[in-house]
Amino acid sequence: MARFSGLALLLPLSLLAQPVQITINTAQPGSKIDRNIFGQFAEHLGTGVYEGIWVGPDSKIPHTRGIRNDVVAALRALRVPNVRWPGGCFADEYHWRKGIGPLAQRPATLNPNWGGVIEPNTFGTHEFMDFIGQIGSRAYLSINIGSGTVAESADWLEYLTTAQPTALAKERAANGHPAPYEIPYLGIGNESWDCGGNMTPDFYLSQMKMYSRFVRNFNPAQQKENEMLKIAVGPNESNTEWTEAIMKAYQGRHWSWDMHGLSLHAYTVVKWPPAFASVGFGETEYAQVLKSTLVMEELVKKHSAIMDRYDPQKRVALVVDEWGAWYAKLPGSPEGFLVQQNSLRDAVLAALNINIFARHADRVRMANIAQMINVLQAMILTEKEKMLLTPTYHVFRMYVPFQDATFVPVSFDAGSYAQGDIRLPRVDAIAARDKAGKLWVPVTNLDPAKRLDLSFNLPGISAKGAAGETLTAPKVDSVNTFAAPETVVPRAANVRLQGGQIALQAPPKSVSVFSITE
Ligand code: AHR
């Protein structure tokens with residue numbers, strides 16, 4: 001576990017110029033870092049789904065059954081473990097029946113949450129399942145408990161999962177999919193304390209229990225070990241009252257309902273409504289945003305402590321199913337489309353959050369960055385037929401080896417850097433062994449001005465070499481654009497064996513990930 005000693009804050013800078021020693025304690029492995037913490041979120045919002053994923057069967061943009069090929073290829077490289085869909089706030093106004101059947105017969109409806117635009121319903125249940133099949137991912141469905149009914153959601157799950165020849169199964173077959181689908185994760189509502197119906201915890205609980213009871217997964221392959229996991233609406237940021245109420249109910253639960261996860265929504269906004277720019281900012285805003293994102297660690301600890309009281313066995317996962325940076329919309333972009341650029345700052349922010357989730361891997365077993373394409377802190381931006389990969393995408397790609405790896409604690413004392421009256425740790429690092437036993441180390445140098453030399457102690461291990469990648473760029477606000485899509489891309493890390501130790505040169509404002517050969 002990283003330690004940020006108070007003493008280090010007082011050390012003269014000359015001492016900090018020595019290589020920072022990082023000890024990797026491989027003899028004390030921690031929890032498995034669930035691959036689901038690298039989950040994505042695709043809401044019907046702006047061009048996240050329409051254009052970002054779905055271009056339709058008549059598009060000139062290369063596609064497979066209406067789903068764009070460039071986006072699928074890029075996402076396959078991330079090994080996306082799960083995709084949360086169809087919202088967000090949209091989920092509580094989504095009626096699945098409007099999104100099945102022949103495309104030409106699907107009704108146009110409205111998307112009042114997000115710009116009041118037309119929802120064509122051409123990307124519905126089968127298109128979503130096709131999409132996650134194409135990218136090699138799994139479904140995390142968010143059901144409508146706001147404006148929907150228990151019966152509507154129960155029918156949706158029967159339609160999707162039953163292998164028996166019911167009327168709904170026959171309808172699914174007629175729509176092109178005779179075999180039952182697998183639905184591994186079910187979100188019971190979204191932000192029910194706000195856009196999902198402004199419910200009190202008690203009102204939510206009485207609703208949630210009904211959905212938990214009656215919205216069944218009938219897939220024969222999902223009845224035991226592989227059972228569908230139900231995720232209850234959890235707190236907004238630091239609202240511990242909500243966590244208390246749901247976890248207390250969980251502890252005293254009756255056999256007839258269950259939950260396996262409690263969601264947490266915590267964006268990095270600095271102040272609401274989002275006013276910070278996603279482009280054209282300086283080192284002060286860089287530090288303000290990173291300071292704000294590090295609050296995630298406190299939130300995770302706070303909610304985990306409550307969950308530990310009611311669920312000491314840690315059966316219920318803390319599911320951070322909306323996280324990421326939320327900035328002011330790009331000038332000129334439509335209202336309600338949540339369009340923002342994605343800079344080197346976001347890459348650093350992503351690495352810091354992933355490290356927090358990994359440090360709490362015993363409780364945080366799922367997370368979904370908001371959102372996958374063209375919305376908020378996206379992996380991918382598209383403009384008609386063009387597509388680019390964001391700095392955040394590159395971090396997710398560099399962290400692929402951490403999916404289902406075993407956490408390895410590290411200790412170090414790298415001091416802090418100051419920006420005005422903001423003081424931040426200079427370094428963040430974790431380590432993990434992947435499933436094949438290889439040791440991986442991600443190191444983030446938060447300092448926007450100083451290169452850091454790091455040296456790694458590996459008690460009990462004789463390292464033979466190391467190799468990896470570093471993501472950095474000329475400025476904290478460097479971005480990839482359609483004209484210059486490779487401004488922020490990973491390059492070979494300056495990491496090597498030196499005097500029997502692994503040494504890394506971490507450039508200012510960078511994320512490095514490397515593996516060690518033993
Ligand atoms: O991600 C955008 C919105 O943020 C989601 O729809 C909602 O759940 C949250 O408030």
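Predicted model: local features only at pLDDT ≥ 70, side-chain atom pairs only at ≥ 80, totals over all residues.
The mean pLDDT of the protein chain is 96, with 97% of the residues at 70 or more. The stretch to be careful with is residues 1–16, where pLDDT stays under 50; the model has 24 contacts beyond four places in sequence for that stretch.

Now, the inside. The largest nonpolar core has 130 residues, and the ones touching the most other members are Leu75, Leu157, Tyr204, Met259 and Trp323. Which helix gives this core its largest share? That's α10, with eleven residues. There's also a second, separate core of 27 residues, with Val410, Ala414, Leu452 and Val495 among them.

On to α10 itself, residues 344–359. All 16 of its 16 residues are buried. At 1.5 Å a residue you'd expect a span of 22 Å, and the end C-alpha atoms sit 23 Å apart, so that agrees. At the helix start, a side-chain oxygen of Ser343 comes within 3.2 Å of the backbone nitrogen of Arg345.

Cys89 pairs with Cys195, sulfur atoms 2.2 Å apart. The S-S torsion is about -95 degrees, so we call this disulfide left-handed. Cys89 is in the loop between β5 and β6, and Cys195 in the loop between β9 and α6, so the pair ties together parts 106 residues apart in sequence. Buried or partly exposed, then, for Cys89? Buried, because its relative accessibility is 12%, while Cys195, at 30%, counts as partly exposed.

Definitions and conventions: Residues numbered from 1 in each chain as written. Heavy atoms only, no water. Helix = DSSP H or I, 4+ residues; strand = E, 2+ residues; numbered from the N terminus. Expected span 1.5 Å × (residues − 1). Buried < 20%, exposed > 50% of the residue type's maximum accessible area, 1.4 Å probe, protein only. Polar contact = N/O pair within 3.5 Å; in protein donor to acceptor, adjacent residues only side chain to side chain. Core = buried A, V, L, I, M, F, W, Y, C linked by side-chain atoms within 4.5 Å. pLDDT = per-residue confidence, 0-100. Contact = heavy atoms within 4.5 Å. Disulfide = S-S within 2.5 Å.
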